Amino acid sequence: MQTPRSEFARASRAWSTATIRCPTGLSVGAHELVFRAELDARELRDALDLRRVVFQDRGDYLIDAHPGLHPAEDPHDAVAQHFACSLDGETIAAARFSPDFEGRFEAEELAPLPGVLDETRDAFFQVSRVVVREDFRKRHVTEVMLHLACRWMAEHAARRHYFALCLPGLARFYEHFGAEIVVRDPIVAPSRRGHSYLWIRGELAHTAATTRNYLATVASGWDLARCRLGDPSNTKPSPGARA
Ligand SMILES: CC(C)(COP(=O)(O)OP(=O)(O)OC[C@H]1O[C@@H](n2cnc3c(N)ncnc32)[C@H](O)[C@@H]1OP(=O)(O)O)[C@@H](O)C(=O)NCCC(=O)NCCS
């Protein structure tokens with residue numbers, strides 16, 4: 001999987017892993033969650049496998065849609081920046097941020113971009129395929145992953161903003177990450193069982209700050225101040241490197 005370098009040429013790659021102590025009770029085995037920003041082929045396959053399990057019930061229209069690719073993969077994965085979190089080597093969360101591919105974002109398969117996004121489309125990534133393994137939900141893993149992902153993107157990418165096309169329940173959930181609903185009228189997608197979707201948008205740096213503050217104030221058990229950042233060429237975190 002190759003990501004066009006021009007999308008991520010803004011800063012040198014100072015870090016691509018982060019290791020953070022888990023809150024009590026998150027896992028019986030591992031005590032640290034490992035976040036990765038640059039996935040190798042095996043890590044990407046693990047993320048796609050998790051995506052497949054998560055979507056196979058209510059999101060099965062996303063599975064097996066592209067012959068020749070992994071069952072949960074689509075052409076936008078080839079240009080996306082992928083992020084994943086693991087515990088004891090098992091992937092428990094993943095997400096992707098994708099620029100437009102051959103002139104189109106994945107969301108444009110469902111509806112035209114609203115004018116307010118279309119006018120500055122080069123400033124945006126689409127965030128999608130945000131998944132957390134079912135037994136790790138409601139533990140703020142999404143906030144940890146999106147905080148680190150937005151921070152990594154803000155440090156490495158030229159584009160400064162993101163958007164997503166979300167089910168209404170999720171759009172409200174994303175608002176507490178600092179995202180805003182762009183258009184109040186939902187669009188209806190017949191190809192996705194008639195689900196309704198809302199456009200949301202946010203700024204990478206703002207969501208990085210909002211999620212950090214949120215995790216610090218809700219007694220989430222995650223201490224980002226003690227998060228250790230690691231070198232891309234060395235999966236072990238660098239001693240003393242702090243988030
Ligand atoms: C979205 C997700 C990563 C959030 O995980 P989490 O941070 O642990 O939080 P929760 O699972 O409690 O979900 C947060 C809220 O979003 C809602 N939500 C989650 N998935 C939803 C879905 N597919 N449709 C509608 N609402 C959804 C939950 O009901 C919850 O709402 P509540 O707070 O009012 O109860 C996780 O629920 C997931 O993997 N969902 C399935 C995959 C998905 O739909 N991803 C987003 C689309 S790309």
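**Core and ligand shell of a predicted model**

Student: Which residues of the largest nonpolar core touch the most other members?

Tutor: A nonpolar core is a set of buried Ala, Val, Leu, Ile, Met, Phe, Trp, Tyr and Cys residues joined through C-beta atoms within 7 Å, and a residue is buried if 20 or more other C-beta atoms, placed from the backbone, lie within 10 Å of its own. This is a predicted model, in which local features need pLDDT of at least 70 and side-chain atom pairs count only at pLDDT 80 or more, while totals for chains, interfaces and linings use all residues. Residues are numbered from 1 along each chain as its sequence is written. Of the 64 residues in this core, those touching the most other members are Cys 85, Ala 93, Met 145, Ala 149 and Ile 200.

Student: Which element gives the largest share of this core?

Tutor: Helices are DSSP runs of H or I with at least four residues, and strands are runs of E with at least two, numbered from the N terminus. The protein chain has five helices and eleven strands. The largest share of the core, nine residues, comes from H3.

Student: Which element gives the most to the shell around the ligand?

Tutor: A residue is near a molecule if its C-beta atom, placed from the backbone, lies within 6 Å of it. Of the 14 residues around the ligand, Val 132, Arg 137, Thr 142, Gly 169 and Phe 173 come nearest. Two or more residues each are given by strand S5 (124–132), helix H3 (141–156) and helix H4 (168–175). With five residues, the element that gives the most is S5.

Note on methods
Buried ≥ 20, exposed ≤ 12 C-beta atoms within 10 Å, placed from the backbone.
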